Amino acid sequence: MRIATIGLVTTLATLAACGPQATYKDSRGDDLVVSLDQPNIQDFNLAADKMVQSMMVSGVLNNAPRKPAVLGISRIVNDTSSQFDTDQLTKKIRIALLNTGKIEVTNTIGLDGKPEDPMAKGVQDMKDFESGRSNKTPDLPDYTLTAKILENRTSAGNVKQVSYIFQLSLTDTRSGRGVWEGEETITKQGAKNSVGF
Amino acid sequence: MRRCILPLALVSALTACNTSNTVVPMGSDPGQPGFQQVLTNGWLNSKSNVTDVRQDVVSGDMKRVQVSVYSDQLTSQNFSYRFEWFDASGMRMQGAGEAWQSRTIKPKETIQLTTVAPSPKATQWQLKLLDTNHPLDQ
């Protein structure tokens, strides 16, 4: 019996030492890696979902000068200690807003005069020139979106806690005033990174 | 050997119990439609029992849902959930609003889970609840 027990324990220990093999995961699933040193993909998913829902609940887009309203993406600031592309947040928000049918995003007017899609801007200019409308006012956004991502860290003993604070502001370009603001804080706590909730 | 098999069998049996519960709206009242629960996990239901479902419309044409959840446990518990949306044809609308979220619920507390449809075309929904704090993990 002792030999069988030792054999079973040895087999289990060997299997455990090998570690799990790489597998594909549902990017919106509940068994993804949770990190304490950087925002995870599920943090961006959750923040984007909550922000867009908050904007819809506010009903602010019901007052848009046209439907769908045109949105310009303004400054997006990553003020955390992690380096990541802020499109991980903004693209999700853009997709979700487009799906509502209440907003379209301009790709030919960008921050500091740089269009996000230079080719679209060139084609638009060419079409305006050919139709003799090259002096017309461009299709200006009705709203602009700014965002900031902040980080707050603390610890007690070996338990670490990190909060990522996602702040968004929607400005009505007619008045220059903020007409909606949203903040979503995602807090993670633990001694080390883990898998799943 | 028998001493090893018993704990292993117990572990696998308890792990297998961690299945999801599903809530779908029923009935004709658009504001308080009633609901049906598909329960496959009794332990999960004891700490996230759905007691009320309400619906309204925001931003003109976007459905909003609020589900009240009650815990009958005597200690704080965790569970995770997500809403899934479907169009009028019953086709799944993937994308926004689908991230799993984790919630803590205090003893004998009722909390509200809310969501907004990802699109005006999203007319049907279901809520999935999943255990994130199985007794075995405590």
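**Figure 1. Separation of the two domains of chain A in the predicted model.** The C-alpha centres of domain 1 and domain 2 of chain A are 30 Å apart. According to the domain assignment, domain 1 is made of residues 33-106 together with 141-195, whereas domain 2 covers residues 113-137.

**Figure 2. Fold and overall dimensions of chain A.** With a radius of gyration of 24 Å, well over the 16 Å that the globule rule gives for 197 residues, chain A is more spread out than a compact globule. The C-alpha trace spans about 90 × 35 × 30 Å along its principal axes. Buried positions account for 22% of the 197 residues of chain A. Of the contacts in chain A between residues at least 6 apart in sequence, 66% join residues at least 24 apart.

**Figure 3. Helix α4 of chain A and the residue Gly132(A).** Helix α4 of chain A comprises 13 residues, 118-130. At 1.5 Å a residue, this helix should span 18 Å, and the distance of 18 Å between its end C-alpha atoms agrees with that expectation. The number of buried residues among the 13 of α4(A) is zero, so the helix lies largely in the open; a residue counts as buried when 20 or more other C-beta atoms lie within 10 Å of its own. Just after α4(A), Gly132(A) adopts a positive phi of about 70 degrees.

**Figure 4. The open three-stranded sheet of chain B.** The strands of this sheet are arranged in the order β3-β4-β8, with antiparallel pairing. Strands β3 (49-58) and β8 (110-116) of chain B form the edges, each pairing on one side only. On average, neighbouring strands of the sheet are turned by 20 degrees against each other, direction ignored.

**Figure 5. Pairing of strands β4 and β8 of chain B.** Strand β4 of chain B (residues 62-70) is joined to β8(B) by seven bridges, and the two strands run antiparallel.

Methods. Residues numbered from 1 in each chain as written. Chains lettered and ligands numbered in written order. Predicted model: local features only at pLDDT ≥ 70, side-chain atom pairs only at ≥ 80, totals over all residues. Domains from an automatic or database assignment. Helix = DSSP H or I, 4+ residues; strand = E, 2+ residues; numbered from the N terminus. Rg over C-alpha atoms; globule rule 2.2 N^0.38 Å. Buried ≥ 20, exposed ≤ 12 C-beta atoms within 10 Å, placed from the backbone. Contact = placed C-beta atoms within 7 Å. Expected span 1.5 Å × (residues − 1). Pairing = 2+ DSSP bridges. Axes fitted to C-alpha atoms, helices over the stretch in contact; angles between N-to-C directions.
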